[in-house]
Amino acid sequence: MNEQNKSGFKTFVKEYWGCLLLFVLALCMFAYCLRGELQAHLVYRQAQEHGDLLAMGEMRVNGNGEIREDHTISLPTGSTMYGPYFDYEAGSYVLSVTFHAEEAVTDQTISVTASGGTEQIGTYLLQEGPNLIQVDLEKDVKQLEIVLRNEGTGELEVQELTFVPGSVPGWEEQQELVDKQPSAETESIDLLPDMKWTENAAFENGILTLYQGDYMYGPYVDLQAGDYTIVLCCDYDQQMGELTMQVTAENGTEILKTQNVQPGTNKIEFSVEYYIKGMEIVIRNEIYDMISIQKLQLSIR
């Protein structure tokens, strides 16, 4: 390099050294980000191979639920974990769930649905620690959703959640034992004595009378997942108007069933997909006649 070229190079460096420095820094930053993105992609792919939904970061929480950096999920009372909304082909899958409970839990369940929660696949009981559940998909499904809601009094920590093709050894034998259990309805629960009603209503000799403008509500019981039947026996003049029963939960925010009821015996059937609190039955007398209610029973089918 001759003197003239050296001088020109020095002048260029002197005038544009700031730009060169920014270019080098930008190049280093780009390489660093690219390396981080590559590492994140590799970690995601590895988790995907093992069906690790927590490590993939595809599960979500509501309420006071928290997704931690160590790929565990904290679920305080009333919060829910849900996701991943993936599509799966028909076949058998193993749902592996491991959780720790701050306090002893009973009847903790996890449910699997598809098509945005409109298609029920199954609800399964869990115990603290590891759980292996075989989920059989009879057809290809879209937007599969796994839901775990903490209805206990202490915090739940979900430590593992995987969903992979496969089967659980002895699962069919377990289901055969379940199928051999009696299928008859359990003994009905008489709800009428536990119901509440407005001041003018009268309850005598086991019969509740609702006068015009009165209404009955309650009993605010908690229900496990399952299929339920309410038997209502009532009497009123149908020519004076229609009578409607509404079944709700969670302080009236979740409607389970709305059905017109006729004079005589009525069966109101509804399903609960997960543990609910505060089931409420409401009947309002909005007709020009008194209504007598002789029976109100609840049973699980």
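A salt bridge is counted here when a side-chain nitrogen of Lys or Arg lies within 4 Å of a carboxyl oxygen of Asp or Glu. The model shown above is predicted, and local features need pLDDT of at least 70, side-chain atom pairs count only at pLDDT 80 or more, while totals for chains, interfaces and linings use all residues. Residues are numbered from 1 along each chain as its sequence is written, and side-chain values use heavy atoms, with hydrogens and water left out.

By the salt-bridge rule, the count comes to 5. One of them joins Glu119 to Lys139, whose closest N and O atoms are 3.6 Å apart. This pair links distant parts of the chain, since Glu119 belongs to strand β7 (residues 119-125) and Lys139 to the loop between β8 and β9, 20 residues apart; strands are DSSP runs of E with at least two residues, numbered from the N terminus. Glu119 is partly exposed at 24% relative accessibility, and Lys139 is also partly exposed, at 48%, where buried means under 20% relative accessible area, exposed over 50%, and partly exposed in between (1.4 Å probe, protein chains only).

Another salt bridge brings together the side chains of Lys142 and Asp87, at 3.8 Å from N to O. Because Lys142 lies in strand β9 (residues 141-149) and Asp87 in strand β4 (residues 80-88), the pair ties together parts that are 55 residues apart in sequence. Lys142 counts as exposed, with 57% relative accessibility, whereas Asp87 is partly exposed, with a relative accessible area of 49%.

Glu157 forms a salt bridge with Arg68, their closest N and O atoms being 2.5 Å apart. Glu157 is in strand β10 (residues 156-165) and Arg68 in the loop between β2 and β3, so parts 89 residues apart in sequence are tied together. Arg68 itself is partly exposed, its relative accessible area being 24%.

Strand β10 also takes its place in an open sheet of 5 strands, which has the order β2-β3-β10-β5-β8 with antiparallel pairing; two strands pair if DSSP finds at least two bridges between them. The edges are held by β2 (66-67) and β8, each with a single partner strand, so one side of each is left without a neighbour in the sheet. Between β2 and strand β3 (residues 73-75), which run antiparallel, there are 2 bridges, and the bridge partner of Ile67 in β3 is Ile73.

Conventions. Helices (H or I, at least four residues) and strands (E, at least two) are DSSP runs, numbered from the N terminus.
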